[in-house]
Amino acid sequence: MSPGSGASTSLDGGSFDTFFEGWLVRHEHYLEELLTAQQQCSEYQGDDVKDLITRVLSHYQQYFEEKSRVAQRNVFLVFAPTWLSSLECASLWITGFKPGFALRLVFSSVQDLSREQSERIERLMEETKVEERVLNDELARVQESVAAPPLLEMARKQARRTNVEGGREEALLTLRKELEEVVAGADLLRMTTTMKVVEILKPEQNVRYLTAATQLFLNLRNLGLPKDANTKG
């Protein structure tokens, strides 16, 4: 279908909304498991903890895989996600969480880091800052190269299924392809950064870190939804 196809936009956005509802239910269940493991650490054996960590990481990986499918069909949808509140959208960096923020969360959630662990996390933060700048620069270049209007404006038009003028369609196709690459790069950085953190931390530390990350996601959502409801009302 063409970039301005209303049917494609509606289908992809709606199908992800449905997926996201189920994903949120599982997200809350994983938070309960993480909290239980954190509070009853003496009752959790090493293999049980490792299994929980693996399942939680797979849960997040599923989100990125589904979002990637949406982006491949219509990348503008992930820049104006209908499944998130306005507050959640305001916190996004290239359609997801900023990897550097996830690293700062390590220091606030894990209080017993060794010197070696702290040094490794700090090095990873510096490396991640460089990668974030590269992706920021690439995103700016993409928009400038096709004389695109502000990305959020373009994303909102696509989400509203606004048709594209004939003379702009070729430029829009180019923009979509290059944005897909930037989003894929940002998602890859998010997942690789998280996996590197998991490798640095001990299992019980990972439980605390993943608990904090999972709680933060839900807290932000619980704050954002009522504000949107009040605005609409």
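Buried means under 20% relative accessible area, exposed means over 50%, and partly exposed lies in between (1.4 Å probe, protein chains only). This is a predicted model, where local features need pLDDT of at least 70, side-chain atom pairs count only at pLDDT 80 or more, and totals for chains, interfaces and linings use all residues. Residues are numbered from 1 along each chain as its sequence is written, and side-chain values use heavy atoms, leaving out hydrogens and water.

1. Let's start with a salt bridge (a side-chain nitrogen of Lys or Arg within 4 Å of a carboxyl oxygen of Asp or Glu). D112 makes one with R208, with the closest N and O atoms 3.0 Å apart. The two residues are 96 apart in the chain: D112 sits in the loop between α5 (99-109) and α6 (115-145), and R208 in helix α9 (residues 203-232). Helices here are DSSP runs (H or I, at least four residues), numbered from the N terminus.

2. How accessible is R208? R208 is partly exposed, at a relative accessible area of 22%, and D112 is partly exposed at 42%.

3. E33, D51 and R55 are linked in a salt-bridge network.
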